[in-house]
Amino acid sequence: MDSEESLKEEFIRGYTGVLVSSWSDSAYASRLENDPERAVREAGLELPPGVRVDLVREPARTDDRPSSECLDEQFDLWKDGLRSGTVVLHVPHTPVVDAGSLSLSELEQVSGGGAIYCCCCPCSCSL
């Protein structure tokens with residue numbers, strides 16, 4: 001594995017931690033809003049001293065782009081930010097699933113590991 005692949009794997013693990021923690025832990029979500037540099041370090045992303053994080057909160061994605069494409073974009077933003085001194089980090093708001101509007105077949109797919117319906121861009125669901 002080359003250094004680019006290794007860096008990407010480390011980023012994906014940390015970025016996934018940011019997403020999951022921000023969606024499941026209100027105290028972490030608050031830290032992410034108020035001190036994003038500290039919060040991304042807590043999630044396992046290495047952030048050199050002096051690099052700041054520009055957090056972009058957004059609704060869950062609704063487009064049909066492949067999840068891997070969105071994740072690649074966020075990884076590129078991360079690398080560019082490490083070079084420039086400002087990382088742009090997209091973190092969607094907590095996804096809301098209205099299970100009442102899903103058919104039995106759709107519920108089976110979601111619970112049974114069928115198709116992936118991603119709510120975030122960039123996505124880390126396929127990891």
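A crossing of two helices is called left-handed if the near helix is turned anticlockwise from the far one by less than a right angle, and right-handed if clockwise. Keep that in mind for helix 1 and helix 2, whose crossing is left-handed. The contact there (heavy atoms within 4.5 Å) is made by Val18, Ser21, Ser22 and Ser24 of helix 1 together with Ser26, Tyr28, Ala29 and Leu32 of helix 2.

Before going on, some ground rules. This is a predicted model, where local features need pLDDT of at least 70, side-chain atom pairs count only at pLDDT 80 or more, and totals for chains, interfaces and linings use all residues. Residues are numbered from 1 along each chain as its sequence is written, and side-chain values use heavy atoms, with hydrogens and water left out. Helices (H or I, at least four residues) and strands (E, at least two) are DSSP runs, numbered from the N terminus.

Now look at helix 2, residues 26–34, where Tyr28, Ala29 and Leu32 are buried (buried means under 20% relative accessible area, exposed over 50%, partly exposed in between, with a 1.4 Å probe and protein chains only). Seen down the axis of helix 2, these buried residues fall within an arc of 100°, so they line one face of the helix; the arc is that of the directions from the helix axis to the C-beta atoms. Turn to the face pointing away from that buried side and you'll find the exposed residues Ser26 and Asn34. And what covers the buried residues? The cover includes helix 1 (3–24), helix 3 (36–42), strand 1 (52–58) and strand 2 (86–92). At the start of helix 2, a side-chain oxygen of aspartate 25 comes to within 3.0 Å of the backbone nitrogen of alanine 27.

Over in helix 1 sits serine 22. Serine 22 counts as buried because its relative accessibility is 5%. Leaving aside residues up to four places away in sequence, serine 22 touches Tyr28, Ala29, Leu32, Arg57, Val91 and Thr94. A polar atom of the serine 22 side chain also lies 2.9 Å from the backbone oxygen of leucine 19.

Arginine 83 is exposed, because its relative accessible area is 63%. The C-alpha atoms of arginine 83 and valine 51 are 8.8 Å apart, while the two residues are 32 residues apart along the chain.

Definitions and conventions: Polar contact = N/O pair within 3.5 Å; in protein donor to acceptor, adjacent residues only side chain to side chain.
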